[in-house]
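Me: Please examine the structure shown below. The questions that follow concern its charged and nonpolar surface features.

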Amino acid sequence: MKHLLFEFEGCAFDKLDDEGLIEGTLIGSAHAACATLLHVHVHKFEPQGVTGFALLAESHISIHTWPEEGRAVCDVFTCGDHTSPEAAMNYIKQDLH
């Protein structure tokens with residue numbers, strides 16, 4: 001098992017508040033991790049903020065955003081030697097910065 005919990009600061013408001021971008025980031029990061037994506041669910045909060053969750057056969061990836069603070073808190077939890085949570089983290093960083 002591998003579990004990464006990480007936070008990004010200084011992200012653009014419009015990226016962190018974009019439900020479609022967060023969904024795409026979850027999908028892309030699952031593929032980057034060589035994980036098996038089962039389901040993605042994303043929720044847009046009012047007045048701002050997005051939470052997204054990717055269910056993987058190997059566990060999960062989550063992204064929680066606070067656009068007003070420029071912050072995203074994420075975790076990637078995988079099992080199996082074939083997965084790379086570090087690759088998922090790098091993919092998320094690239095998308096959100």
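**Salt bridges and surface patches**

R71 is partly exposed, with a relative accessible area of 27% (buried means under 20%, exposed over 50%, partly exposed in between, with a 1.4 Å probe and protein chains only). This is a predicted model, in which local features need pLDDT of at least 70, side-chain atom pairs count only at pLDDT 80 or more, and totals for chains, interfaces and linings use all residues. Residues are numbered from 1 along each chain as its sequence is written, and side-chain values use heavy atoms, with hydrogens and water left out.

Me: Which residues are linked with R71 in a network of salt bridges?
Reply: A salt bridge is a side-chain nitrogen of Lys or Arg within 4 Å of a carboxyl oxygen of Asp or Glu. R71 meets E7 at 3.4 Å, N to O, and E69 at 2.5 Å, N to O. The residues linked with R71 in the network are therefore E7 and E69.

Me: Is D17, the salt-bridge partner of K44, buried or exposed?
Reply: The side chains of K44 and D17 meet at 2.9 Å, N to O. K44 lies in strand β2 and D17 in the loop between α1 and α2, so the pair ties together parts that are 27 residues apart in sequence. With a relative accessible area of 17%, D17 is buried.

Me: What is the area of the nonpolar surface patch that includes F53?
Reply: Patch residues have over 30% relative accessible area and no salt bridge, and nonpolar side chains (Val, Leu, Ile, Met, Phe, Trp, Tyr) are joined within 5 Å, like charges within 9 Å. F53 counts as partly exposed at 37% relative accessibility. L38, F53 and L55 make a patch of about 270 Å².

Key: Accessible areas come from the Shrake-Rupley method with a 1.4 Å probe; for residues, only the protein chains shown count as cover. Helices (H or I, at least four residues) and strands (E, at least two) are DSSP runs, numbered from the N terminus.
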